[in-house]
Amino acid sequence: MDYSLRPGVKLHIIPTNQFKTTQIVVNLTTKHEKKSSTYRSLLANVLELASMKYPDQNKIAKQMAYLYGARFGTDLEKYGQVHCFRYMLRLPNERYIDADQSLVVAGFDFLKEIIFNPLKNGDQFNKALFIREKNNMIADFKSIKEDRQTYALQQLVDLYFNNEQATPSYGQLDELKKITNQSLTRYHQKMLAEDQVDIFVLGNVDKEVIITKASELRFMERTGENLKLFYQQALKDEVLVKTEQANLTQAKYNLAYHFDVNQQSDEKYAAIVFNALLGATPLSKLFVNVREKASLAYYASSNYSPTNQLLTIQTGIDNTNLVKAKKIILQQITDIQAGKFSDLELNSVKKYLVNTFEASLDSPRAILNKAILNALLGRNANQLEWIKKVKDVTKIDVINIAKKLNLQATFLLAGEPDGKN
């Protein structure tokens, strides 16, 4: 059930008796940019920890206990060309406990306080809180290089896009260093005033109570920019190759492919099945043939991002096996393009996808994530249709979609055999 509370502010109620909790998500969406995503990442840390009424984590924890073990947090997500900032609250459903108050009403009151009354000294965020969280975030950025897998993937993405599309949801260190308390406070006000707002409530709830309480959140009317979700990148004339040396024995070899799939057609289901067959499941060719049978990789997987036409392959390989591993990795794609996979393999990955999808319907967070994406896309997805379309994907469909892959970039993080992981 969708309601327009004000221009640019929508409420989405997802009624269900499936869970004994009520989930509330306030999702703020804007265009994804390097500068703004960094501001939003720092804000997520600052706003989660304190408000004027709840000036420290201990006070927030006590309020969560008062609400019968509620859970609160913030989150960030990037979809193609848009960036989402989320306030998330999970409450026990008052129908199942002997509460002396309406937990939904109290939950919305808590969110109203957190969103609109952050902890401030005068007209800026609390100085100690701002300094601490900015320093913590700088330290987190500097530690990324020690997480070799994350670092290698980000290097590949930077190489492939070479623009703001490469910026992760949490922003970039060079932008973080420029942020002042004053500029962060200004950006928070801008975010609340201008972002597209979608409020989601999942659970066994009273519709009229939800509409009333959601309307009390002080989001004013906004015109909103015309947000474009999907990003399309032109094909490069040649494959970009980058190699770095590090003190490790397990090399990271990653590949980026341009994957031009028509999201308005059934091609998108063939792409999902292809990715599952290639490397996104324990039944995939990369997992079975490269990791298990040939023992050439510590890990080998693929990931498909439909919002920016990118398919990546990530592998961890012993330095001594690099040449052999590279060959067999590329062979998996060639084999699929040539139809060298059995009906049993195809049917197994489709069954795995359907089972995983059906299992996700038992997760409130997964249901909400689907609802948020559908709201951004302006569509109402049919669960039964998704299952049917995946089941209907044929071998020819997979072969044809596999031929749309175009290798665009590779990144190798290699080291000496006597190095350390």
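Ile-199 is in contact (heavy atoms within 4.5 Å) with Leu-5, Val-9, Lys-10, Leu-11, His-12, Val-25, Val-26, Phe-108, Ala-214 and Leu-217, leaving aside neighbours within four places in sequence. The model is predicted: local features need pLDDT of at least 70, side-chain atom pairs count only at pLDDT 80 or more, and totals for chains, interfaces and linings use all residues. Residues are numbered from 1 along each chain as its sequence is written, and side-chain values use heavy atoms, with hydrogens and water left out.

Ile-199 is among the residues with the most contacts inside the largest nonpolar core, which has 58 residues. Such a core is a set of buried Ala, Val, Leu, Ile, Met, Phe, Trp, Tyr and Cys residues joined through side-chain atoms within 4.5 Å; buried means under 20% relative accessible area, exposed over 50%, partly exposed in between (1.4 Å probe, protein chains only). Another core, of 46 residues, lies apart from it and includes Phe-259 and Leu-405.

Helix H14 spans residues 383-392; helices are DSSP runs (H or I, at least four residues), numbered from the N terminus. Its buried residues are Trp-386, Ile-387 and Val-390. The face turned away carries the exposed residues Leu-384 and Lys-388.

Two polar contacts (N or O atoms within 3.5 Å, one able to donate a hydrogen and the other to accept it; residues adjacent in sequence count only if both atoms are side-chain atoms) are listed here.

| Side chain | Backbone atom | Distance |
|---|---|---|
| Asn-382 oxygen | Leu-384 nitrogen | within 2.9 Å |
| Ser-284 | Thr-281 oxygen | 2.8 Å |

Ser-284 is buried, at 0% relative accessibility.

Methods
Helix = DSSP H or I, 4+ residues; strand = E, 2+ residues; numbered from the N terminus.
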